[in-house]
Amino acid sequence: GVLLSRVDYNMFFMKFFRNLSRSKARARLHNNKYAIIPVMLGIEEPIKIQDDLDAENRMTITREELEEMDGFDGAPLYLSIRGRVYDVSAGER
């Protein structure tokens with residue numbers, strides 16, 4: 001009934017304003033005044049961030065190598081989250 005339609009409107013406007021802010025950011029970052037069109041249509045290409053570009057050129061580490069990087073005996077302390085490996089040695093206490 002009425003409550004369901006309010007939820008639908010709410011979701012529509014949340015998505016609309018989220019996409020509007022995303023398109024403004026893309027326009028500002030990439031000097032593209034027409035960035036709103038692909039964002040609103042849902043056909044925009046993912047932007048490659050510098051970390052991803054750098055990661056493509058870096059070495060890979062196996063699970064066994066990661067297990068050895070536990071911070072003990074002078075080894076660095078590595079943390080893996082969703083396939084990305086971070087050196088968190090500086091935060092060790």
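## Starting with exposure

A residue counts as buried under 20% relative accessible area, as exposed over 50%, and as partly exposed in between (1.4 Å probe, protein chains only). By that rule aspartate 73, at 84% relative accessibility, counts as exposed.

This is a predicted model, in which local features need pLDDT of at least 70 and side-chain atom pairs count only at pLDDT 80 or more, while totals for chains, interfaces and linings use all residues. Residues are numbered from 1 along each chain as its sequence is written, and side-chain values use heavy atoms, with hydrogens and water left out.

## The overall layout

Let's take the chain as a whole. It has four helices and two strands, and from the N terminus on they run α-α-α-α-β-β. Helices (H or I, at least four residues) and strands (E, at least two) are DSSP runs, numbered from the N terminus.

Of the 93 residues, 8% count as buried. Contact here means heavy atoms within 4.5 Å. Among contacts with a separation of 6 or more, residues 24 or more positions apart account for 8%. The accessible surface comes to about 8,500 Å², and 57% of this belongs to carbon and sulfur atoms; such areas come from the Shrake-Rupley method with a 1.4 Å probe, and for residues only the protein chains shown count as cover.

Side chains of opposite charge can pair when their charged atoms come close. The model has one salt bridge, meaning a side-chain nitrogen of Lys or Arg within 4 Å of a carboxyl oxygen of Asp or Glu. The partners are arginine 22 and glutamate 44, at 2.0 Å from N to O. They sit 22 residues apart and link distant parts of the chain: arginine 22 belongs to helix α1 (residues 2-30), glutamate 44 to the loop between α2 (36-41) and α3 (50-56). Arginine 22 is partly exposed, at a relative accessible area of 30%.

Not counting residues up to four places away in sequence, glutamate 44 touches Arg22, Arg26, Pro38 and Val39. Its C-alpha atom is separated by 9.6 Å from that of serine 23, 21 residues apart along the chain. Asparagine 19, also in helix α1, is in contact with Val39 and Met40 once neighbours within four places in sequence are left aside. With 12% relative accessibility, asparagine 19 counts as buried.

## Two surface patches

Patches are made of residues with over 30% relative accessible area and no salt bridge; like charges are joined within 9 Å, and nonpolar side chains (Val, Leu, Ile, Met, Phe, Trp, Tyr) within 5 Å. Tyr9, Phe12, Phe13, Phe16 and Phe17 make a nonpolar patch of about 560 Å². One of these, phenylalanine 13, lies in helix α1 and is partly exposed at 42% relative accessibility.

The other patch is negative, formed by Glu64, Glu65, Glu67, Glu68, Asp70 and Asp73. For charges, Lys and Arg count as positive and Asp and Glu as negative, with His and the chain ends not counted; the place of a charge is NZ of Lys, CZ of Arg, CG of Asp or CD of Glu. Glutamate 64 is in helix α4 (residues 63-68) and is exposed at 52% relative accessibility.

Arginine 82 counts as exposed, at 85% relative accessibility.
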